[in-house]
Amino acid sequence: MPPKLCSVCAIVPHWLASLDWDDYSYLNDTTITLRSWRGMQAQAEAAAAVAEKKRRGSGRGRRGEELSEGGGKGGREEAGCDLCFMIFHYSYRESRCKFPASRPYYLPPEMDPRDDERYKDVPLVFGREATKQGASWEYRMVCLSNRSLWGAEVVKVPESWRPKFLPPMAYNDQDPENNILLLKDWLENCRQNHSQCREIKKTAMDADTDFLPTRLLDVQAFGTGSSESSSHLGNDVRLVCLNSPTMGSESADTIKSPQPYFTLSHCWGPPEKRPTTTIKANLAQRMERIPFFELPRTFQDAIEMTRKLGHRYLWIDSLCIVQDDEQDWAREAALMAKVYSHASCTLSALSSRDSSGGLHLEPLDEDRSYMDLMITSALEPYPDSDSGTRQNESDMDNRAFASPRFRLLYYQNEDWSTLYNGTNRTMGLCDDISPLRSRAWTLQERELSRRIIHFAKKQVLWECAELKATAQRPWRDASYAVLDPKHEWKEWPEIEESIQSLSLLRGRDGGNLVQSAAAGVAEGAGAGAGAAFTVASLLTAYQSEREWWAVVFDYSQRQLTKDTDKLAALSGMAQFYQRNHFPHARYVAGLWSSRLKEELFWEVEDKSKARRPADYVAPSWSWASVNGCVSFRSKIPVRRFREMRKQMMAGTGRDSVDTEEKDNRDPRKDNKDIWKDIKDARRVITDGWKVEEINLLPKYDDPYGALKGANLIISGARLVEVELFTETLIEPDPAYIYGSHFYFGGLKIDGRWVADHGLDIEGEAEQSGGRLWCLGMVAQRDYSKIPKPVIGGLLLREEKLDVDGDLCVYSRVGTFRHMRVATFDGVKPRRIKLI
């Protein structure tokens with residue numbers, strides 16, 4: 001309900017509106033004087049009494065209680081003040097935010113009206129404080145008379161946030177319907193104002209503009225489920241299917257045209273808590289009726305939420321897919337990406353471990369509660385929202401949005417990502433707080449949905465293409481920001497200058513050669529054939545690569561009940577990126593053909609927890625062959641764009657060396673190219689190899705799904721045989737400052753250390769007994785070991801000789817770094833098969 005303000009506190013919104021919110025200077029800020037502590041106590045007790053009467057159902061509190069400053073005469077008729085209640089109650093909460101003792105020693109002690117009777121009738125002074133966070137300011141409203149009495153973050157509500165259903169909120173309002181109204185506002189705001197969210201996230205196999213899942217739950221088949229229904233049977237639901245039934249037992253009751261529907265994303269839980277499912281034996285019965293009371297709590301909550309938000313149809317995987325029909329499951333699994341991408345909204349049971357947990361939609365607790373302040377037409381107490389009459393909607397909108405609005409809240413450090421992940425760590429997931437976050441299948445459910453409502457443990461969250469928001473900050477979360485290269489990369493001016501130089505070259509050459517080469521580079525990077533080679537196109541390509549790597553990093557930390565589902569559970573995401581980011585690249589077991597030289601060099605983050613699946617999932621060179629967190633070592637933008645420029649110059653037939661030397665000459669060293677040694681190493685060792693063939697053998701019809709075999713044919717590979725050691729190796733070196741090098745494990749040749757290594761699985765290479773080889777892939781300069789160019793690449797294990805192709809067959813067991821370039825002297829390039 002809207003907050004009630006007393007005659008004194010009613011001026012607070014006007015005072016806040018008079019302050020400068022774009023910039024802060026304490027010299028220009030004004031203060032405000034409110035009631036005394038005794039007066040606030042009286043107002044707070046009256047407000048608490050009114051709230052208690054309402055909770056007990058005894059009607060609204062009697063207006064007409066005379067309350068005045070200190071209980072004296074001359075008071076006006078009021079029924080309590082919510083701001084006075086917020087301030088007074090804050091001081092006695094054990095969980096309140098405590099301010100550090102920073103008062104100078106030469107100042108007298110601050111007055112404390114809570115314990116000292118002398119100060120109880122002294123009016124309290126309030127002001128605003130600010131801290132700079134990046135380019136913006138964060139503000140707090142505090143009691144200047146004594147900072148330990150009260151302090152809360154104050155936020156100016158953006159004009160773009162115009163809630164239609166949710167009224168201004170009073171502090172600690174525990175009405176459970178508030179969240180429903182907020183969800184309606186989010187949905188309405190997204191549909192009306194977000195152009196990106198109107199577009200369906202289509203995948204590579206999605207050619208239809210209209211789509212409906214094979215089966216849907218009709219949540220209004222027997223009524224709306226409201227309390228006005230004459231029978232509890234109105235809560236029951238049933239399955240309905242499309243016009244073309246896929247099984248003979250399905251009902252002829254079908255949906256005639258595409259209808260908006262919701263989807264549910266949830267944890268199935270352990271086998272003993274398996275959710276209600278549809279199987280062949282009960283499919284016909286499910287098409288007739290599904291008793292509401294037989295469904296688990298999460299399903300019941302999702303059905304009720306769908307009804308309350310004005311929708312009729314809901315898709316739940318365990319009910320809408322025939323679980324014991326392998327053919328039906330395979331067909332529906334291939335359609336799952338379309339199911340979520342075409343849905344109007346996804347309900348995410350983020351904080352429920354299994355189907356019995358429900359959708360947590362409890363009101364905000366007292367610590368996370370907030371209070372809205374706005375300027376009314378006159379300095380009057382806020383109107384009574386319980387009068388039983390609803391004001392004209394347009395009048396309410398005009399009053400609410402004609403003037404600035406403000407929100408007071410306590411918890412300012414809980415951003416969207418922390419609430420969603422259940423932790424503020426970048427690695428590792430908090431399975432206790434957000435168990436859905438740790439499930440692999442739910443990643444594509446989240447990423448492909450246009451709109452998602454996350455029912456988190458502490459508050460409800462919203463996510464769509466243009467907005468991430470919390471119940472406390474429903475307009476936008478501070479952690480959500482669009483990529484701005486000028487602020488993210490200090491090298492951005494150099495990148496822009498580099499691309500502009502190519503534009504000038506295109507003008508001198510008539511544009512044909514450079515433009516065709518640029519199209520090829522952009523196509524390989526994911527920008528599409530014929531794309532203009534501009535700063536924007538390269539930024540898009542770079543961002544696409546980085547986003548896919550972030551998806552893999554996130555996905556690899558998640559859990560699967562069946563290891564063999566690893567690629568199948570990512571199939572929808574792969575189809576989406578194929579269509580929208582890498583249209584001319586081939587999807588290769590979790591990698592992309594246009595990025596194989598970079599993506600083959602993935603690394604395991606936590607080797608102590610990594611393991612190989614018992615059954616075949618993916619080839620050893622794919623990150624999907626390891627159960628554990630993996631990541632890609634991305635190159636800095638300047639180097640990535642230089643590589644693209646090099647490819648363009650090669651496509652025009654020009655010698656790119658002259659252009660590179662202009663960037664790398666050092667005037668302090670007679671304009672010599674300081675990177676010549678590294679470029680020579682790359683030209684001879686790392687640029688000489690390429691992937692000739694990509695052979696994939698899908699397990700089913702889905703080319704993006706499970707595999708039963710795969711290999712790469714690589715030509716120009718330079719391999720050096722090495723030995724693995726785990727003991728301490730000491731090598732004397734008179735030129736070294738300490739006289740000797742100490743190596744605690746690594747790779748050696750003829751008893752001498754040659755490189756550091758990182759195994760994908762601890763102990764795997766030692767136990768195999770096969771010969772180990774180093775495949776040189778990248779050249780770089782590492783000052784921590786050797787101030788010269790060094791080589792890194794894949795650590796391979798020799799498996800066998802391919803009888804048909806007369807090739808040596810290898811599998812990946814890890815990576816290596818810091819190998820001297822001289823180690824590859826005399827090594828002949830070879831053609832190998834990598835499995």
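**Aromatic pairs, sheet and helix packing in a predicted model**

A search of the whole structure finds 25 aromatic pairs. Rings of Phe, Tyr and Trp (its six-membered ring) pair if their centres lie within 6.5 Å; planes under 30 degrees apart count as stacked, over 60 as edge-to-face and the rest as tilted. The model is predicted: local features need pLDDT of at least 70, side-chain atom pairs count only at pLDDT 80 or more, and totals for chains, interfaces and linings use all residues. Residues are numbered from 1 along each chain as its sequence is written, and side-chain values use heavy atoms, with hydrogens and water left out.

The rings of Tyr 577 and Phe 582 form a stacked pair, because their centres are 6.3 Å apart and their planes lie at 25°. Both Tyr 577 and Phe 582 are buried (buried means under 20% relative accessible area, exposed over 50%, partly exposed in between; 1.4 Å probe, protein chains only). Tyr 587 and Tyr 704 have ring centres 5.7 Å apart and planes at 35°, so this pair is tilted. The pair links distant parts of the chain, 117 residues apart. Tyr 587 sits in strand β17 (residues 587-588), and Tyr 704 in the loop between β23 (690-698) and β24 (707-717). Helices (H or I, at least four residues) and strands (E, at least two) are DSSP runs, numbered from the N terminus. Tyr 587 counts as buried at 5% relative accessibility. Tyr 704 is buried too, with a relative accessible area of 10%.

One aromatic cluster is formed by Trp 548, Phe 576, Tyr 577, Phe 582, Tyr 587, Trp 592 and Tyr 704. Helix α17 (residues 571-580) is mostly covered, with eight of its 10 residues buried. Among them are Phe 576 and Tyr 577.

An open sheet is built from six strands in the order β1-β4-β5-β6-β13-β12, with antiparallel pairing. Two strands pair if DSSP finds at least two bridges between them. The edges are β1 (32-36) and β12 (370-374); each has a single partner strand, so one side of each is left without a neighbour in the sheet. From one strand to the next, the twist averages 30°. Axes are lines fitted to C-alpha atoms, for helices over the stretch in contact, and angles run from 0 to 180 degrees between N-to-C directions. Strand β1 and strand β4 (residues 123-133) run antiparallel and are joined by three bridges. Ser 36 has Pro 123 as its bridge partner in β4.

Two helices pack on this sheet. Helix α2 (residues 37-55) touches β1 and β4, and its direction makes about 70° with that of β1. Contact means heavy atoms within 4.5 Å. Helix α3 (residues 82-90) touches β1, β4, β6 (151-156), β12 and β13 (405-409); the direction of α3 makes about 145° with that of β12.

Elsewhere, the axes of helix α9 (residues 326-342) and helix α12 (residues 441-448) come within 7 Å and cross at roughly 35°. Trp 329, Met 336, Ala 337, Tyr 340 and Ser 341 in α9 meet Trp 441, Gln 444, Glu 445 and Leu 448 in α12.

Two residues other than glycine have positive phi values. Phi of Asp 750 is near 55°. Asp 750 lies in the loop between β26 (740-749) and β27 (752-759) and counts as exposed at 72% relative accessibility. Phi of His 818 is near 65°. His 818 belongs to strand β30 (residues 807-820) and counts as buried at 11% relative accessibility.
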